[in-house]
Amino acid sequence: MKAALERRQWIAAVMFFAALLLLPIRLGDFYLTVLSLVFLSAYVGIAWNLMMGFAGQLSLGHALYFGVGAYVLAILPDRYGVSPWLAMVPAAVLPALLGLGIGALGFRFSVRGVYFALLTIAFSEFARILFEHWDYVGRTGGVFLRALTPDNRPLTSLRGGARFSYYALLLTMAAGWLLSALLIRSRIGYCWRAIREDEDASRALGVNALRMKLLAVAISAALTGIAGGWFALANGSLFPDSVLGTQISINLIIAPIVGGLGTLFGPILGAFIIVPINEWSRDLAQSSGINGLNLLIYGLLLMTVIKLSPGGCWPWLARHLRLAAGGWKIGAAGE
Amino acid sequence: MVELYLNVVVNGLLIGAVYALIAVGLTIIFGVMRVVNFAHGEMVVVGMYIGYVLWRYFGLPPAASVPIAMVVMFGAGYLFQRLIGNDFVDQPQHVQFVLYIGLALVITGLNAIIFGPDPRGIDSAASFATYRIGPVRIDASRLHAAVAALALIAVLWSWLRLSLTGKAMQAAAENIIGGQVIGLRLSHIFALTSGIGMACAGTAGALIAPLYDATPYLASEFTLTAFIVVIVGGLASLPGALLGGLLIGVSEALAAVLISPSAKSLLSYALLVVVLLVRPAGLLAPNKSSR
Amino acid sequence: MNSLEIRGLTRRFAGLVAVNDVSFDVAKGSITALIGPNGAGKTTCFNMIAGAMRPDGGEVWFEGRMIVGLPPERLCRLGMARTFQIMRPLTGMSVVENVMVGGFVHTSSVAQARASAMQILDRVGLADRAEQPASMLALPDRKMLELAKALATRPRLLMLDEVMAALRPADSDRIVGVLQELRRGGMTILLIEHVMRVVMAHADEVVVLHHGEKIAVGSPADVAADPVVIESYLGRRGRVA
């Protein structure tokens with residue numbers, strides 16, 4: 001019975017990704033761009049979900065990793081001629097090291113729960129202010145990537161039109177999802193979930209909680225850094241307050257929470273819900289001239305969703321699609 | 001030179017008193033309900049707008065608008081908690097987080113829709129009066145705000161310590177389950193807590209309306225500052241909030257002068273990190289076991 | 001060599017001495033019970049031995065090795081497992097997943113951990129509920145699950161904190177059955193217990209604590225007859241049921 005359910009889940013996943021691969025045949029640039037944003041948001045959500053949903057460590061400062069990754073991809077290729085493929089490595093490693101540093105500091109000093117979250121906020125805000133005053137990264141003026149020339153080859157520069165971004169981000173999201181699926185079924189995943197449920201009990205069972213938590217932070221930070229890198233490449237420009245700071249951190253984590261923490265598809269579903277509504281309401285605010293309308297709509301959406309389904313939307317949907325119970329609905333914390 | 005720094009420090013202390021009032025609201029909410037109120041800054045801004053509206057459309061001076069703001073915000077906080085907030089008290093942190101972020105967005109959105117993004121300030125004659133005490137020059141409004149803030153904190157502190165309800169709130173802060181066992185009406189206490197917390201924030205906002213122009217997007221800064229003050233000073237500790245407020249007020253003022261105005265929070269965040277690592281219960285935390 | 005040697009264990013809490021210079025041995029392959037009235041310091045002792053709390057004084061030797069200061073996960077890997085008085089099942093995980101966690105001390109393979117976990121669940125009689133969420137278990141099964149989780153780490157010393165509490169005789173007998181089987185296989189067991197029926201019938205050695213001090217040690221019969229114990233713990237008209 002369990003095996004049949006799992007097979008259904010894998011088939012559903014394959015069908016889902018296959019469908020996404022085929023969409024560009026029918027959709028125009030506008031929709032492809034929105035979907036690219038959805039994929040990026042889902043990918044970041046998957047990364048954050050690893051740390052929070054699986055390992056139970058609340059980070060409200062993930063913008064730090066996002067921002068660092070973004071700046072790496074904005075600076076290394078354009079200023080030093082480094083291949084963007086190569087630049088993805090420091091974009092992942094640097095945030096991972098930062099995450100390890102913050103984690104080590106926090107975990108060694110037993111800073112837990114909400115206090116740890118505040119610690120992460122402190123570091124991310126610190127970074128934002130620092131970047132605002134740092135000449136090397138252009139201070140508040142930010143960094144603008146070189147304009148694309150007609151002879152631009154997307155596979156070299158990792159920049160291109162709507163179609164290229166769509167596929168690049170779709171593949172990135174799929175890779176992130178696969179990694180997260182493999183991790184959760186591994187020894188590491190079990191240890192993470194045990195820590196999330198009860199850290200002290202897990203240590204009494206031989207789990208090296210410190211090492212596992214640091215691993216979660218490092219992997220989450222690395223993936224988020226790569227997401228930041230893609231953001232810079234796809235956007236062509238960035239500023240301290242577009243990639244760093246608490247506002248950004250908050251934006252990064254709304255989707256996975258709304259979609260469903262601790263589940264594999266939650267972050268993806270969340271992104272599919274949040275991003276289009278956000279974009280639509282922003283357009284509405286602009287076209288109607290009512291400044292702030294988008295915030296009102298977004299805020300009401302959040303409050304409604306979290307009231308109706310605090311465990312997220314995916315568990316509810318999964319039940320209806322008969323994809324739930326065991327396997328991938330790992331039991332979201334808070335359900 | 002000394003005169004400059006003296007002015008800076010004094011002004012830092014004055015604004016610090018107002019920060020303290022904001023933080024007191026947050027620490028009460030956090031202390032009693034263990035809620036991370038990410039909409040706290042928004043309450044301050046609403047208070048600012050209330051002060052602005054009462055001045056602009058009703059000709060009321062800040063002295064009159066402040067009590068009105070206090071009552072309105074108390075009511076709003078109480079109702080919110082009773083109708084919405086109480087359902088979330090048992091939920092995990094990240095769920096509450098989304099609720100309050102949503103609330104913050106709704107409020108900011110409404111502020112932006114009603115008042116627009118442009119700054120709204122109070123330009124009364126009183127806004128420009130200053131006092132001179134020796135080498136130090138102080139805005140009258142700043143001094144009034146600080147004095148009012150301190151007075152309110154003092155009143156709140158004594159009420160918490162001396163009144164029956166106040167003690168009930170403290171009891172709830174220490175031990176939720178124990179409180180329920182002895183019959184505290186938690187839904188009412190939580191609503192009161194929320195009302196008081198938001199009233200503090202809103203009053204502080206009304207107090208500084210003559211000093212700063214209100215914009216909808218000011219809010220997040222206030223929220224973060226409030227959290228820094230609360231953590232540095234010590235959770236669930238009013239004296240801690242006061243100390244923290246003054247400390248942060250001064251450090252921000254100094255950082256603005258020594259580094260740059262936009263970097264004023266740098267020192268505060270550094271302080272936050274140090275306190276979180278070394279003395280997470282805060283500088284003035286009461287010595288009790290964690291919940 | 002003894003499984004455990006405790007020497008001069010001491011712990012203070014803000015002026016109150018909770019455990020005062022307690023010393024005793026736990027022989028290999030024995031069932032040893034730590035008993036005493038509420039507040040006697042049993043759980044504090046237990047936590048200090050298990051590495052969850054730092055002693056203010058004294059030493060603990062496990063199989064000839066000084067273990068004070070070692071973290072719980074290290075102690076677990078050295079062969080010491082414990083259960084918790086306030087049970088802590090990992091509620092978001094299924095029964096078998098709960099037991100698998102401990103198995104990862106000895107293997108990195110998920111499949112192997114699962115196989116071992118199923119074996120243990122079989123032994124304790126929970127195999128038919130393997131895929132159920134742990135949160136759905138009734139109290140006696142939860143206790144058995146705590147035991148199973150600890151067993152997954154393949155300990156040589158099993159420390160149980162009031163595992164019989166609030167169980168009907170039929171259920172506590174089930175657990176005792178498992179413990180006896182384990183003891184036959186060479187396991188050393190240290191119990192904190194209140195349920196005298198079990199202690200007297202099955203313990204090889206009993207250590208009695210009162211007000212943080214050891215007041216008696218010996219076989220169940222010796223301890224039950226000890227006048228100091230009778231007065232302080234079992235009551236003046238002290239007779240063990």
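**Chain folds and a sheet in the predicted model**

In chain B, 79% of the contacts with a separation of 6 or more are accounted for by residues 24 or more positions apart. The structure is a predicted model, and the values reported here are computed from it. Chain B contains eleven helices and two strands. From the N terminus on, its elements follow the order α-α-α-α-β-β-α-α-α-α-α-α-α. The radius of gyration of chain B is 18 Å, close to the 19 Å given by the globule rule for 291 residues, so chain B is as compact as a globular protein of that length. Along the principal axes, the C-alpha atoms of chain B fill a box of roughly 55 × 45 × 35 Å. Of its 291 residues, 54% count as buried.

Chain A holds 15 helices and two strands. For its 335 residues the globule rule gives 20 Å, and the radius of gyration of chain A is close to this at 20 Å, so chain A is as compact as a globular protein of that length. The box filled by the C-alpha atoms of chain A, taken along the principal axes, is roughly 55 × 50 × 40 Å. Buried residues account for 56% of the 335 residues of chain A. Of the contacts in chain A between residues at least 6 apart in sequence, 76% join residues at least 24 apart.

Within chain A, Gly113(A) lies in helix α5, which spans residues 113–132. Gly113(A) has 14 other C-beta atoms within 10 Å and is therefore partly exposed, since a buried residue would need 20 or more and an exposed one 12 or fewer. Not counting residues up to four places away in sequence, Gly113(A) touches Leu58(A) and Gln93(B). Thr172(A) is 59 residues from Gly113(A) in sequence, and the two C-alpha atoms are 30 Å apart in space.

In chain C, four strands form an open sheet with antiparallel pairing, in the order β2-β1-β4-β5. Strands β2 (16–26) and β5 (65–66) of chain C stand at the edges; each has a single partner strand, so one side of each is left without a neighbour in the sheet. Strand β1 of chain C, residues 4–13, pairs with β2(C) over seven bridges in the antiparallel sense. Within this pairing, Phe24(C) in β2(C) is the bridge partner of Ile6(C). Helix α1 of chain C (residues 42–49) lies across β1, β2 and β4 (57–62) of chain C, and runs at about 115 degrees to β1(C).

How values were computed:
Residues numbered from 1 in each chain as written. Chains lettered and ligands numbered in written order. Predicted model: local features only at pLDDT ≥ 70, side-chain atom pairs only at ≥ 80, totals over all residues. Contact = placed C-beta atoms within 7 Å. Rg over C-alpha atoms; globule rule 2.2 N^0.38 Å. Pairing = 2+ DSSP bridges. Axes fitted to C-alpha atoms, helices over the stretch in contact; angles between N-to-C directions.
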